[in-house]
Amino acid sequence: MTKAVVLSDYGSPDGLVPGEVEIGPPGAEQIRVNVEFAGVGPTDLAIRSGRLKGAFGARPGSVLGFEAAGVVDAVGSSVIDVRPGDAVAVFLPELGGYAGQVLARYWVRVPRSVGAQAAAALPASGEAAARVVDEVGVAAGETVLIVGAAGSVGLIASQLAVARGAEVVAAVRPGDFDLMASVGAAPVAYGPELVANVRAVAPSVDAVIDVSGAGVLGAAVELAGGPGRVVTLSDPHAADFAVRLSGPDGPRITSRLEAVMELLAAGRLTLRSQSVAPLMDAAQVHRGMENGGLRTKVLLSTQV
């Protein structure tokens, strides 16, 4: 058995309670990891609240968390690229990160130049960012609008698009303008005047990436001249606008994790700043994120 934060029921953050879960031996293509830090993301809150009830296999009695970093404890019979004692970051499409141990089938080795906190903040956001940039086909010379660009996913996606030679328009809060300018994007305020704000700096937009889920798909389709190159990570109304709702692409997860980790290790990727809370404070962290009092990427530590 390992300590964990368990989803006792859908609803308020009080549904996240201390508990224990049994983590068995790894399957042939899995590894078992002693977790040091687990990342908390907006989708965790949506699952816990019941807005994504049943998604990602989550149900009462399960453990949330899409990403973690730690040390390999055991490997399956088919695993040859890591061994016990290696530092890894793991992406967990079936969840499980809010625990002392986790079984994973998607991982990336953590280079010595990357700390465990940064490693834990990367997998889910990095995979999602690389995926949506690929899905809209960002190319050199194009203009890409990223809505919610200052969040963990949007910040990485902005940098990946800039690295491809695209002009990035970043729709963010005014307080994040300097951050976006520092990574080479042109910031604009998002809100009811999004279309006008974007057109003031970019006469045309080739593609739109929505990582905000804030009801902007109508404006996104208008700006892109149609839904073909618009993608959202979290807006449940995507089908109403004929827009792609992006989800993990299993065959490419590992290669995308390796690509973003390589950039991070080389100092070519800026992550959202991180703060750390004890694992058993997960309910308090969820409450703070919902209230808008936490603007950093929050990591849950099993060590404090």
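Start by selecting S125, G126, A128, A129, A130 and V133 in α3, which meet S152, V153, I156, A157 and L160 in α4 (contact means heavy atoms within 4.5 Å; helices are DSSP runs of H or I with at least four residues, and strands are E runs of at least two, numbered from the N terminus). By class, this contact has eight nonpolar, three polar and no charged residues (Ala, Val, Leu, Ile, Met, Phe, Trp, Tyr, Cys and Pro count as nonpolar, Asp, Glu, Lys and Arg as charged, and the others, Gly among them, as polar).

You are viewing a predicted model, where local features need pLDDT of at least 70, side-chain atom pairs count only at pLDDT 80 or more, and totals for chains, interfaces and linings use all residues. Residues are numbered from 1 along each chain as its sequence is written, and side-chain values use heavy atoms, without hydrogens and water.

Next, show A121, S152, I156, L271, R272 and K297, which line the largest cavity (on a 1 Å grid over the protein atoms alone, a cavity is a set of points where a 1.4 Å probe fits but cannot get out, a pocket is an open set with protein on both sides within 12 Å along at least five of seven lines, and lining residues have an atom within 4 Å of a point). That lining has three nonpolar, one polar and two charged residues.

Finally, move to the second largest pocket and select I23, V63, E94, L95 and G96, which lie nearest its centre among 16 lining residues. Strand β6 (residues 101-104) gives the most to this lining, with three residues. The pocket lining has seven nonpolar, six polar and three charged residues.
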